[in-house]
Amino acid sequence: MSTQRVIVVMGVAGTGKTTVGRLLATALGIPYAEGDAFHPAANVAKMSAGTPLDDADRWPWLDAIGQWIRNCAGLRGGVVAASSLKRAYRDRLRTSAPRAVFVHLTGERPLIEERMAARKGHFMPTTLLDSQFATLEPLQEDEAGVVVEVSGSPEEITRRALAALRLLDTTGHRTAGHGTA
């Protein structure tokens, strides 16, 4: 894999973006950043209260992630976990990292809800999962990225993601049937 590429681990809450993102970064020997850490306090308060964010809430958050991409990961590459649910959000991140690759973690709603409910100390309540799925715009064929199923252990998910990313690097583009693991 290219060592200067930024990988954005995306998906709805509860898919394991943080865990898989950290494992990917470790496997690739590149820096990791937790997207939630870039949220302003007002966003965290809003989500903690069970209120979904709107686009106006998300733009400063995405810009802060973009700044990390430019300053910290631009030379070596890096992995950042960020929901990136809409195409417009991914496009905004690509302004900071035109070669960014997205790893879309996806799975069945009951599994994701179960995992989300089992989390301890996270500000995102399970009541916002419906709004996350309603907002989600899956990767388009013209977007550099792979889709990875979240069933199994974090290590299994990470292995599938790495294999899909290697295939993406080999082919140079995403095609139907490729890049899905």
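Which residues does Leu105 touch, not counting residues up to four places away in sequence? They are Val9, Met10, Gly11, Thr15, Gly16, Lys17, Val20, Val148, Val150 and Ile157. Contact means heavy atoms within 4.5 Å.

This is a predicted model, where local features need pLDDT of at least 70, side-chain atom pairs count only at pLDDT 80 or more, and totals for chains, interfaces and linings use all residues. Residues are numbered from 1 along each chain as its sequence is written, and side-chain values use heavy atoms, without hydrogens and water.

**Fold.** The chain has seven helices and five strands. These are DSSP runs numbered from the N terminus (helices: H or I, at least four residues; strands: E, at least two). The pattern along the sequence is β-α-β-α-α-β-α-β-α-α-β-α.

**Core.** The largest nonpolar core holds 42 residues. Such a core is a set of buried Ala, Val, Leu, Ile, Met, Phe, Trp, Tyr and Cys residues joined through side-chain atoms within 4.5 Å. Leu24, Val103 and Leu105 have the most contacts inside this core. Elements giving it two or more residues include E1 (6–10), H1 (17–28), E4 (101–106) and H7 (154–171). H7 supplies the largest share, six residues.

**Glu143.** This residue lies in the loop between helix H6 (129–135) and E5. Its side chain reaches the backbone nitrogen of Gln140 at 2.7 Å. Glu143 counts as buried because its relative accessible area is 1%, where buried means under 20%, exposed over 50% and partly exposed in between (1.4 Å probe, protein chains only).

**Chain totals**

| Quantity | Value |
|---|---|
| Buried residues, of 181 residues | 44% |

Notes:
A polar contact is a pair of N or O atoms within 3.5 Å; within protein, one must be able to donate a hydrogen and the other to accept it, and residues adjacent in sequence count only if both atoms are side-chain atoms.
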